[in-house]
Amino acid sequence: MDLRIFTEPQQGADYDTLLSVAKATEDLGFDAFFRSDHYLRMGSTDGLPGPTDAWITLAGLARETSRIKLGTLMTAGTFRLPGVLAIQVAQVDQMSGGRIEFGLGAGWYEEEHTAYGIPFPKEKIARLEEQLAIVTGLWATEPGKTFDYDGTYYRLADSPALPKPAQAKVPVIIGGHGPTRTPALAARYADEFNMPFASIEDSEQQFGRVRAATEQAGRAAGDLVYSNALVACVGKDDAEVARRAAAIGREVPELKANGLAGTPAEVVERMGEYAAVGSERFYLQILDLSDLDHLELISAEVKRQLS
């Protein structure tokens, strides 16, 4: 069972804070450090000192870590042209020695687009399909050959399809709740399907849709890794759980209903319920990035029980 640390820096974190969390992630034996891709805070937080760019962050972390996987849940397709994105991800994969995993989504948060002058297109899923075709097509093009693409939204002609990632195949992560188009995209392009912030019942239903779509596309359903992203709030006792919940402005009953919250034993039991419907990997959304003791507790008491 892989446990990965997932951060939301738009809520308020500079690069040094993210570096501290990434180093703790590596030192404590977690599998990966992931971050969101947003330029505007959500909710009542002030978001200070302001946003950090996902791929600039990962480029820095690529040089300052050595073992953990690094990636995004999810890179916003609205932020970057697919040809440029393919170059960025390939370069960071080279910088990391082949440790990048690439989550790509359609983009959804209209307010951040307005705040920073980023176009917010209506046809986001159709664009995402073309972006996936282009990025993976550029990486798969043999050296010395060129890549062309003539789509509705993007056109590439005589691209040298360079640079190449360090990995022969960068793992692609697709996720979401969409009942039809999302499973179809996962079946065609994904190495992993991620279900974000979903109940056990909804996860089971969506995993089933993705498995069916994958088999219909001529792939084995087991070719994909199935994962969940869930907020984590773990304490050695009820008082510590309540303190950590208060620090992120959440209530304990709500966190227990919608995330991985409670004592280590309670969280392990909850993970087992998700595992029973097919989840093989967890992205633990850590919202208080100053609380490295939280990561130590999860490593010592949750990760140990799952080993």
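The model is predicted: local features need pLDDT of at least 70, side-chain atom pairs count only at pLDDT 80 or more, and totals for chains, interfaces and linings use all residues. Residues are numbered from 1 along each chain as its sequence is written, and side-chain values use heavy atoms, without hydrogens and water. Helices (H or I, at least four residues) and strands (E, at least two) are DSSP runs, numbered from the N terminus.

**Helix α10**
- Pro 264, Val 267, Val 268, Met 271 and Tyr 274 are buried (under 20% relative accessible area, 1.4 Å probe, protein chains only).
- They cover an arc of only 115 degrees around the axis, by the directions from the axis to the C-beta atoms, so they lie on the same side of α10.
- Exposed residues (over 50%) Glu 269 and Ala 276 sit on the face turned away from that buried side.
- The buried residues pack (heavy atoms within 4.5 Å) against β1, α7, β10, β11, β12 and α11.

**Cis peptide bonds**
- Leu 48 to Pro 49 is cis, with omega near 10 degrees; Pro 49 is in the loop between β2 and α2.
- Leu 73 to Met 74 is also cis, with omega near -20 degrees; Met 74 is in the loop between β3 and β4.

- Ala 161, in the loop between β7 and β8, has a phi of about 55 degrees and is buried at 4%.
- Phe 197, in the loop between β9 and α7, has phi near 50 degrees and is partly exposed at 41% (between the 20% and 50% cut-offs).
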